[in-house]
Amino acid sequence: MTTLLRLVAATFLATLTLPALAAPAAAAAVATPADPDRSLKGDFGPPMGEPIHATLTSPPEVPPPTRRFYPAKVIVELEVREVEKEISEGVRYTFWTFGGTVPGSFIRVRQGDTVEFHLKNHPDSKMPHNIDLHGVTGPGGGAASSFTAPGHESQFTFKALNAGIYVYHCATAPVGMHVANGMYGLILVEPPEGLPPVDHEYYVMQGDFYTVGKYREKGTQPFDMQRAIDERPTYVLFNGSEGSLIGDKALKAKVGESVRLYVGNGGPNLVSSFHVIGAIFDRVFFEGGTHFQENVQTTLIPAGGAAMMEFHARVPGSYVLVDHSLFRAFNKGALGILKIDGPENKAIYSGKEVDSVYLADKAIAAPAVERATTAAAKGKLTKDEQIKAGEKLFTGTCSVCHQLNGQGLEGVFPPLAKSDVLMGDLKRVIGIVLNGLTGPVTVNGKNFNSVMPPMSQLNDDEVANILTYVRNSWGNEDAQVSSADVAEIRKTTKRPAGAAH
Ligand SMILES: [Cu+2]
């Protein structure tokens, strides 16, 4: 069966290449439009010149343009490694990777190139792996020829017939599991004339992840097959970990520069509604193809698909990359930053940047919250660290209602500053945060009758830090609140229907 398939494929390819072989390379490229079914368009004849070793890059970097005007033989060497890394602060996960990163190394070739692909599987790997490149014309996209046991190497060759930005991924059974563990990346097949030059090119790829523990539950988290089958991800991430494109690691550009993003979606399950808050894409090469759409807000990237988008940096500030299925962005991690530096342009935007609107506790909070989390894990968490982390978390979570200064809003949101309820029974207060509060409540002699939603999406550390902060601010003074206190109340009280656990 396999032999038969190979035979058919070989005959098919032979038929394809014959006319092109007869013509010189350059002439074949020019003759392309005459090809009625366009199937010959990428075959510019046999490779010319010395073989070239492809430059591979780790995300978010993209290899330089090939700047080549003839078809070459390009050698790609990619190594599969199974590595344990952070998927979120204090949460470790064993990723299976192409080249040590999620997504895998970025590969860049030119249409018409003959690619000699070497797939190595590191000796320490536990699993066999292979590769299916969507840029390959041939059965399985290379999968059948690249099955590689740990400590082995396999090799196959293909001609990059079609230009475009393509996903590659592992296709070893169970395929979904290999992909869910991070086995995907992008290969760019440049059109013969190359792409127009831009100031910055970046590589971003979304993926959904399935862990046994809840979102941000600390420790080493194993893969959860049932959650993956049910398509209920714990994490939805850009570039394989929460915060991979935040703070020091944010993408960067300057006012006046042009940016091209190569954005892929590894899945395995979700479709991405990719959006950059505050930016409009001048051009989107949707589905990674040849045609572009102009003036786009949000572009759909299917699982196993990619898109290329171009825009100009015009106004300085933080632009937030999200999957606009927003719970994924704010509650599962699908969030990154493009930081644009440079002079204000008041004619385009009046200014006054308020990052906190979108970044909330996620991005801004990171350093202080990270320090507190690390200290807590070591059992050496100081009150000061809790207050600093709590302040950031409060800003992103509670301040919309209780206000940054803790004064609340007359008749609507009760104050936390000098509040007799807040400074009263700690167990009751933890219960209010976790389970919400409805109905009449009297704070410092004033009556409120409104609704506070349960905040149980916060983990025990976060609640403890917030409460330590509010009980030690605006004239309030009290001891530390521990995450054990919070865990106890979470265990012994009931949340209203529909609240997070
Ligand atoms: Cu694999």
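## Copper site

The copper ion is coordinated by four atoms, His129 ND1, Cys170 SG, His178 ND1 and Met183 SD, at 2.0 to 2.5 Å. This geometry comes from a predicted model. Along the sequence, the donor residues follow the spacing H-x40-C-x7-H-x4-M. His129 lies in the loop between β5 and β6 (132-133), whereas His178 belongs to helix α3 (residues 175-180), so this pair ties together parts that are 49 residues apart in sequence.

The arrangement of the four donor atoms is classed as irregular because they subtend angles of 87 to 136 degrees at the copper ion; a tetrahedral assignment would require all angles to lie between 85 and 135 degrees.

A search of the whole structure finds 18 salt bridges. One of them joins Glu77 and Lys120, whose closest N and O atoms are 3.0 Å apart. This pair links distant parts of the chain, since Glu77 is in strand β2 (residues 73-88) and Lys120 is in strand β5 (residues 114-121), 43 residues apart. Glu77 counts as partly exposed, at 38% relative accessibility, and Lys120 also counts as partly exposed, at 27%.

Arg108 and Glu201 form a salt bridge through their side chains, with an N to O distance of 2.8 Å. Here too distant parts of the chain are linked: Arg108 is in strand β4 (residues 107-110) and Glu201 in strand β10 (residues 200-209), 93 residues apart. Arg108 is buried, with a relative accessible area of 7%, and Glu201 counts as buried at 17% relative accessibility. Because the cut-off for a buried residue is under 20% relative accessible area, Glu201 at 17% falls within that class.

## A further pair and a network

The side chains of Arg471 and Asp478 also meet in a salt bridge, 3.1 Å from N to O. Its two partners fall into separate accessibility classes: Arg471 counts as buried at 4% relative accessibility, while Asp478 is partly exposed, with a relative accessible area of 29%. Elsewhere, salt bridges that share partners join Arg108, Glu190, Glu201, Arg260, Arg283 and Glu310 into one network.

## Helix α12

In helix α12 (residues 483-492), the buried residues are Val486, Ile489 and Arg490. They cover an arc of only 105 degrees around the axis and therefore lie on the same side of α12. An α-helix has 3.6 residues a turn, so residues three or four places apart point the same way.

Ala484, Lys491 and Thr492 are exposed on the other side of α12. The cover over the buried residues of α12 includes α10 (426-435) and α11 (460-470).

Strand β15 (residues 272-277) pairs with β18 in the antiparallel sense over four bridges.

Note on methods. Residues are numbered from 1 along each chain as its sequence is written. This is a predicted model: local features need pLDDT of at least 70, side-chain atom pairs count only at pLDDT 80 or more; totals for chains, interfaces and linings use all residues. Side-chain values use heavy atoms; hydrogens and water are left out. A salt bridge is a side-chain nitrogen of Lys or Arg within 4 Å of a carboxyl oxygen of Asp or Glu. Helices (H or I, at least four residues) and strands (E, at least two) are DSSP runs, numbered from the N terminus. Buried means under 20% relative accessible area, exposed over 50%, partly exposed in between (1.4 Å probe, protein chains only). Donors are N, O and S atoms within 2.8 Å of the metal (3.2 Å for Na, K and Ca); water is not among the atoms, so sites may look incomplete. Four donors count as tetrahedral if all angles lie between 85 and 135 degrees; four count as square planar and six as octahedral if opposite donors are over 155 degrees apart and all others between 65 and 115; anything else is irregular. The arc is that of the directions from the helix axis to the C-beta atoms. Contact means heavy atoms within 4.5 Å. Two strands pair if DSSP finds at least two bridges between them.
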